[in-house]
Each structure stands twice: as structure tokens, then as C-alpha cells.
Amino acid sequence: MIFECLVLLIAWSVLLLPVTAAVFVLLSRFSLFHPIQWISECTSLLTASSTIFSLVVLCGVVLITGLFNLEFYTLVPSIPCSRMALLGTVLHPRQCVHSLVYCTMGMLVMWCASVTIGGRYSTLGIPCRQSESGEVVTCLNEYHLFLLLAGAFMGYSHSFLGVVQNMYYVSFQPIQQYKYPRFKGCLPMVVKCSVIQSLYSARNFAALYFFFGYAPKTWISSTLHLQIDSSLQPLDSLTGLLDFSLLYHLTISGTFLYFTWYLTVLLFRIYVTEVLKCEGFIVGYMKANDITLVPFFALQDLALLSQHSLSRRLEVFCLSQPGGHPHNWNAISRECLSLLSELTQRLVAHQDAVASNGRVKSQSASSDTRSASLSSSGKDIAETPRLGVPALTAPFTPDVDSPFSSPAIRRLVGQQEPRSPWFGTVQSPHIMRRGPKLWSASTGLNRGFSLSKMFSSNVQLPEASSQALFADSQVHIWALQGLSHLVAASFSEDQFGVVQTTLPNILSCLVVLLEAVDRHFKLPHASSKPARAVCRMGDSTYKTLRFALRAALKTAIYKITTTFGEHLNAVNISTEHRKRLQQFLEFKE
Amino acid sequence: MCSLGVFPAPVTAAQTLLERNNELLSALHPGEHPQPCDLPSPQFTRDTLKGHSRPESSSRSAFLDQRDTLWMRSAGAWRDAGLYGLLDEITNSAEEVPRFLAVGSACVLALLRWASSFHGSLFPHLTLSSDEMVAEFSQMSDSALRSFAWHPHTDKFAVALLDDSIRIYKSNSSATPTLKHRCQRSVCALQWKPLCGSALAVACQSCLLIWHVDPTSLSTRPSSGCAQVLSHPGHSPITSIAWSPTGSLLVSASPVDTAMMVWDVAAESAVPLQRVGGGGVTYLSWSPDGSRLLAATPSALFRVWETRMWTCERWPCLKGSCQVRKLRKLSITVFELMYAFIYFFKLTFFSQTSWDPRGERLAVLLKGDSQAVNHPSVIAVFKTRSSPVFELLPCGFVMGEAGAEPRFMQFHPHFQHGALLTVCWSDGRISHVPFYFSSAGLLGGDSPQQALASNTADHSSNKLYTEQIS
């Protein structure tokens, strides 16, 4: 599935390439006072062999961009919790390769752009006349070099911002849309982002070149034995840089460059998050080569079917033919509840970690026991295959023992990703001693969290630990929606009462999770809202996932309490939980 | 099929109190209690409320004319009126700027004006100013009340007042929180979030505010920190909002923006759904089961969105743009029957309808003639039935006190003994008119609330749980 998606993505990007190239040519050759000459020049240029060659090179660039998207995309963002962790991510070898490739691609695109613009930008060497002897030698064309270096700079900044802004994080939209309307809706945003990013990059690069431009210039000219034409104004001076036409072409080329890349990112996001429309498409996803998507799609499908499809809900509530066991419902509720209780455990562990870190060492005994229990619970999570969300597919495929369960889940809950920069590299005895406590809690967050503690407490990024805790909460939100809709629908649709048996479990699980979430929001920085991003290609949805989770949780409980009403008094749950549910019945939450 | 002639003659100058035994009783009947239910019915007068402050530009005339430098004036014009203001300022100060700049800006300004007048001739509402547009496309009235919303689950309602504050009234509680916010200007619409006790969405002139009013708190002035501000460039003034029945999404619309925004409120992210044509979106309404969404435009067009994959159907205008201009104010509770109403009433003379949640009473606000003395606005109430065939029977007119005209109205979402109509009058009074009846049948059965009502109605036969605990 994912490779079909990649092929389609690259096909579309390549098809769109001539269009963007034509727009680029039109803009780069723009002249206000000679419109006819402008149009005729552009049409002749578009059919020239050099342009065709440039297009072939650009297709190669698009192909590599698509491959990198496929390799780097993630559904659970990695959130560095301190500046050191961020630095580690940026300097990671994998990221270095990424930056290097993007620098090269940036130079390639800029080379194509400079060839297309033509004129003084077209080649690296130009003939010039030496002032003293008068003979014609090959000189360095600084304009060409300037554009090439700008390409490398933009490539690096794209790669860098990709890490900082989580460019490769793919989020799911709150609503479903078909591919074409979604693409159409997002296109203006992409254009705007690429223009803005290009303007920023052009400004930064001009400043950089002004200060350090001399070094690459002399290096290139000495290695390639090119003279420097002293009669021309050097570009690393103020007057050289204040050339309107140069800055215009730099911005236009930068926009073209960013647009090509952003478009690929956008198309990739659209293709990855697309939901197939046919009934029972989960089976299709089971054949998917990429297992990371399966739990996401299974849960999204659960949320949708519980809301929209009566026939599939009835399938959930039905009993197995010989034996009369509600296998479907049991599988679904078990998986959802284990997901939610795993989140509860994670939250409680985080609260304990925060509380105990603030305390003095005299309580080491108690904290030891706590850490021991933590580590055991963490191991539990890591080793238990029952967490497998793919078993959700039980209603649709008969085999419950899905081969995908454990690796999918490991990536799903973000446990100890082996490519994380700090995994296995930390040798400090201090860390080692604190090991069981630091590493046992389920997510990667405590890693960065405690590391930052070690380096210095004030470099820790605020909110980051909170964001990291809820980084994969989209699945929890879907589980909550699916579960609450199914329970609410069972009030009128469940003929055999299969939901009744699990209702006390569900209610207490939700209430316990609500208490944990409430406590979490009392921690410092947890309830502060992140600043709104102005215009960025990076998706910042993960920053507000904790608020979305809280809202979804409350809505889920309200959905159940309003549907069942006074009948809830007959459900067997503990007194505190009943008190809490009474608040919901009276709409006092 | 049903003309106003068969209605019982309205009793003028007497406030209608309630319906009992298929008869509307007014205050003239002896032995009736003046307020039959314990719901608060406050009254606001225009004098006690300070109107919203004037825009800053109009207060300029009160001060002596001070010549700033050109830079300062240009920056101010850019901040106040955007590109238009800047170009205007440059053109007007031709003696201070180079000639080519003044001529250039004059040309650009003329070009922009020509383009916008062309655009405005296609969509006349775009030439209105922001305030006029708010007045045109919202249910705003001349009274001290601007908008009204019942909470969908509890006995609690919110009222937006002329001074841009919002008050929240609860039954059995004397605490009335007053909500004020810097961005809360020209409130057009209010709606409580379904399946939530606290969230109230407010459509303002420049943004969308989501108040989180803690129901257990006794505070009378919740701080503005309790409000989330949602805004999107180009998406203002917002005149209509609609929560999805599950409370997960909020849709907002503006008459100037061709895109309507689908908000994920908790995440503060919006997905614009753009369809050119129509020139904006003025009215939104979800179907009760959440499967479709109606979006009306200022011109002769409206759309019905299907909310699974968010594709839309264009519906043709039925009787010219005049009817569709009325349609934008149509409050539809039962989606499928909307078209029946368009045909029954020709949509020429009423401006608002409201259907009670059980589908048994329909209130129609008949627009009066503001010039004629004897033609005030009145509310006609019909009895409706959808099975076996759709039926409309006259019930009567709901009258207010002498001189008061109804401005807007809404049925209580879950009144136990029938239906309860809340009417906001032009003299700033809010009154509740209960209709006592026993439910005869259910309308359509597509509404989850109705299904719920039927299930919970007979406790004895439909007991889910045996009593496990004493």
C-alpha cells in the first residue's frame, strides 16, 4: 500500500513539475514594458533542450524527496525535551545524511534555476579581459556561485527546520476529505509558506554571504583555476548585495525550490492519511507492507464505524454462532481499554516522577519501591503483546493472532526507538544508576526529561514533557470516540446485552483516566497553550493533542451518561466513581 | 392548505402565558399564575446598558487636528484601514511625496476600487461595512438583546446584550455570571457545546470565542483567561456558528469569506472548506443526526454538505434571491421537512421558525410591517405531526405585553411536560411560554434525542438493569 502511495505521489509531483516550472520561467523573465517579447522568450525557453534537461534533473530531485519522505515520516512525533536532546537530534548521523542530501539537491535545483534564468547567471565560468595584459581568460561568475550556495543553504535550512518543526510528522485532520478537494484547499497555504520561507532564507543567506562569502569564493576560484574579475563589484559587499534584480531572482528561485519540496510533503501527507472508502477496508490495510499505519487506521475506522455505520455496529454487537460469545465486542473493548489504561499508567508514572524529583533524598527507600514498581509496570507494557491494536480487526478477519501486533505497537507507543540519538549512547554512571527509574516509564519522554535534569535544570523546554506524554494521543482519542459511540449505540441497538457486562469496566477506566488527566493539567506548564504558528509547513497539531484528548474524554463520558441517564445508578461501580459520574449527569463538569 | 384565517383570533394587549387543554391562555384568564415555571425571566432596558463604543476613527473629530509626519500617518493608515488606507493617504498628501509615487498610488487605488466595485456588483453584500453586515445577517434587533441560546441539556441559558456582554442564567441559582472580553464585539450568535457542561461558543465581529464557564463556580465575572480566541485571517465578521451534534466539531461562517471553517476547538486548528460562488456563507445548520450540514449564501444559492467526506450539493434557488435571503434565517430543526415548508409558506412573510425537540409544536415568527401601526410581528404556533402523513394544525398566536414585539425565540431543548417556548421581546424582556401536552407520536425518529426520549419515557417496560445494589 505504502509503495503504491509512493508511486502515485511521485507521479503526481512529476506531473505538476512542468506547471510550476512554467510559472517559474514566466516570473523569472518578467518584464513589464515588453510583454510580447517576454511571452515569446518564455515559450521558446520552455521548449529548449536545456529546460528539458533541467526538468529531468528536477524529476530526480522529486524522486529522492519522495523517498526521504517515506523514510522519515512519523505518526508519533519525536519531541526533544531539552535543548541538548534537540542538539543531539540535529547532529545525529541519519540527520546529517539527510542534510547533506538536501544541500546537494538544493544546489541541483538552483543550478537548474540559474540555467533557466540565463543571462548573467547561466554558467560558473565566464570569459573576461584581464586589466593589465588585456588577454581573455576564464573568470569566476559570482552570480552563479551565489545562487548555488543559496541552494545549499536553503537545502540545509529545510533539513534543519524539518527537525525543529517536525516537518515529517503526519497528523490526521479532524474531518475526512477526498484527495482532490483537500489538495486544492491546502495549495494556497503551501504557496504562502514557500514564499515566506524563501524570503526568510534569502534574508539570512544574504547576511551570511556578506560576512563569510569571501571564503567559498576564493576556494572555488583556486581549485578550479578561475580568475576573479576585479572590474566587477564583488557580491559580498553592501553595494553588490543591494541589487534588486539579484534579490528578486534569489527569492523566486528559492520559492520554486521550497514549493517543489513542500508539494511533495503535502501530497505525501494526503496519500498517507487517506482512508479507503470501501467496506471492510481494514483487510486491505492488513496486507499493507508498512505496519505502523495499521493501528492508526484500525482505530480511525473504529471511530468512524461506531458513528456512521449501523450495519457494522450490529456486527460488533452480535454473538458468535456456535457458543454465543460476543468475541467482537470483547476484542474491541479489551483493546481500547488496554490502550486507555496504558495512558493512565503513563500519566501516573509521569506525575510520580515529577513529584519525586522535587523531593529530597531522604525518601530514597520509598522512591526505590516506587521505581521498582514503575519498572515492572513499564516492562509489563513493553512485553505484553495483548496491547496489540491490530486485534481490533477481529470482527473483520477471523485470525486474532495478528502477526503485526508487537512491532506495530512498539512503534505506536514510541518505545525506545533504536534510532533515537540518545539511546545507548549515554554512558554516564549517574544515568546508569538512575537507570531503572529513568528508562522504565513507557515513553521516550523521560529519557530527555531526566537528561535535561542532569545537564542543567533550566535548559529544559517548557511544555515539552507534557507534549511528549501525549504525542501519540490521536489513537487514544479515536479509541475514546469509538468506545463511547458504541456504548451509546448499544442502548438501543444491543439486543443481547453484550455491552452491559463490560460497562462497569469502561466507566471506571474512563473515570480513572479523567482523574489522571486532571491531575496532569495541574502540573506547571501543562495547561499553558502553545503560541499559534504563523505560517509553517511543519504540522504543530501534536502540541495541542493533550487538550484534544481531555475534550474527547469528557465528551465520551457525557455521551455515555446522557444516553444512559438514571440507569447508570444500577451499574456496579465504586462510590467515588459514581460520585464523579453524578457530576456528569448533572452537567457540572 | 393551512391559512392564518383558521387561527383563533389573538387577544391583543394580553400576554400569552401557557397552553393547556389545547388552548392558549393569556393573562386575562382568571386564576392563572403569572410565571408558571421557575425559570428566570430577566428584563433588560436599553438605558441601563451602554451601547458598544464607537470605532476609534469617529472619535478623531473631538481632537484638534495634529499634523504628523508622512511616515507616521502612513503607518497609522496602514494599521487602521490596510492597503486602501495607505494608498489613500499617499494620494492625499501629494505635495509631500514624489510625484510618481502619488500618481502611481492614485492609479492603483482607482484600479482596486474598480475591481472591488465589479466584485461588489456581483455580490452586493460585500459593499456593506462590517457593522452593517452584522446587522443584516444576524438576528440582531433594536432591543437590548442581541442573541439567545438554551443549553442543550440543562436549565441554563445565555443572553448576549447590547453592551457586548453575555449573561448566563440558571434555574434555581441566583448567580448570573457576566462574560466580557476584549475581543467580544458585536455578538451575532451564541451556541452551547453539546455533550459538555461548560463550553459556550460566541461569534464575534473579529473572532470566535469559546468560553469555558465552570458550572460549579460562584464567580460572577469569569476572567478572560477562560476564553479561547479562535481566528483566521479573512474570516470575519462571523455571523453564524454551529456545533456538530456530537460536540466534536464547530463550523463557523462569515458573509465575506467563501470558505467556512471547520474547527477542532480543543486543538485550535481549522480546516477551511472553500467553495466559490455565492460570495460568502451566512447561515449554518446541522441536521439532528449530524449527517448533513446546511450552508446558505447571501445570493440565490445554498449548499448541503454531507459530513462524512465533506462533499457538497448545490441546491438551486427556488423563487429568486428574495426567498433565499429569508431562508438564511430559517432555523431548521428537522432537516427533511424544510422543503415542505418552503412550498407551504412560499417563504414570503416569515423570518424565523423554531421547532420543538419532540416535533409537535412549530413556532413561526411572522414579520410585521414597521410602517403600519396595526401590523406588529407575531408568533404563530402550529401543531405538527409527521406520521402517518405530515400535518399542520393551527394552535394560536403567542402575544407579549402591549407594544412588545417578538424578536427571536427558541424552544427549550428538553422540557418534561411538552414544549417550552422562550421568546425575547423588543422591550428587552425574556419570557417563557409552556405548552402542556402529552406526546402523541414521534417525528421521523431520526433524532437521537427523540429516540432517547422514547426510550426513557417508559421506564417500567424498558428497564436495562436489575437493581444490583441497594
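**View 1. Chain B, with six helices and 25 strands.** Welcome to a predicted model, which we start with an overview of this chain. Of the 470 residues in chain B, 50% are buried. Its accessible surface is about 22200 Å², and carbon and sulfur atoms supply 55% of that area.

**View 2. The hairpin of E13(B) and E14(B).** Here we zoom in on two strands of chain B: E13, residues 259-264, and E14, residues 269-274. The strands run antiparallel and are joined by six bridges. To find your way along the pair, pick out B:Met260, whose bridge partner in E14(B) is B:Leu273. Four residues lie between the two strands. In this turn, B:Glu268 has a positive phi of about 55°.

**View 3. Confidence along chain A.** The mean pLDDT of chain A is 79, with 78% of its residues at 70 or more. Over residues 276-290 of chain A, however, the pLDDT is below 50. Beyond near neighbours in sequence, the model gives this stretch 28 contacts.

**View 4. Residues 360-459 of chain A, where pLDDT stays under 50.** For this stretch the model has 142 contacts beyond four places in sequence. A friendly word of caution applies here: where pLDDT is low, the predicted coordinates should not be read in detail.

Note on methods. Residues are numbered from 1 along each chain as its sequence is written. Chains are lettered from A and ligands numbered from 1 in the order in which they are written. This is a predicted model: local features need pLDDT of at least 70, side-chain atom pairs count only at pLDDT 80 or more; totals for chains, interfaces and linings use all residues. Side-chain values use heavy atoms; hydrogens and water are left out. Two strands pair if DSSP finds at least two bridges between them. pLDDT is the predictor's confidence in each residue, from 0 to 100. Contact means heavy atoms within 4.5 Å. Buried means under 20% relative accessible area, exposed over 50%, partly exposed in between (1.4 Å probe, protein chains only). Accessible areas come from the Shrake-Rupley method with a 1.4 Å probe; for residues, only the protein chains shown count as cover.
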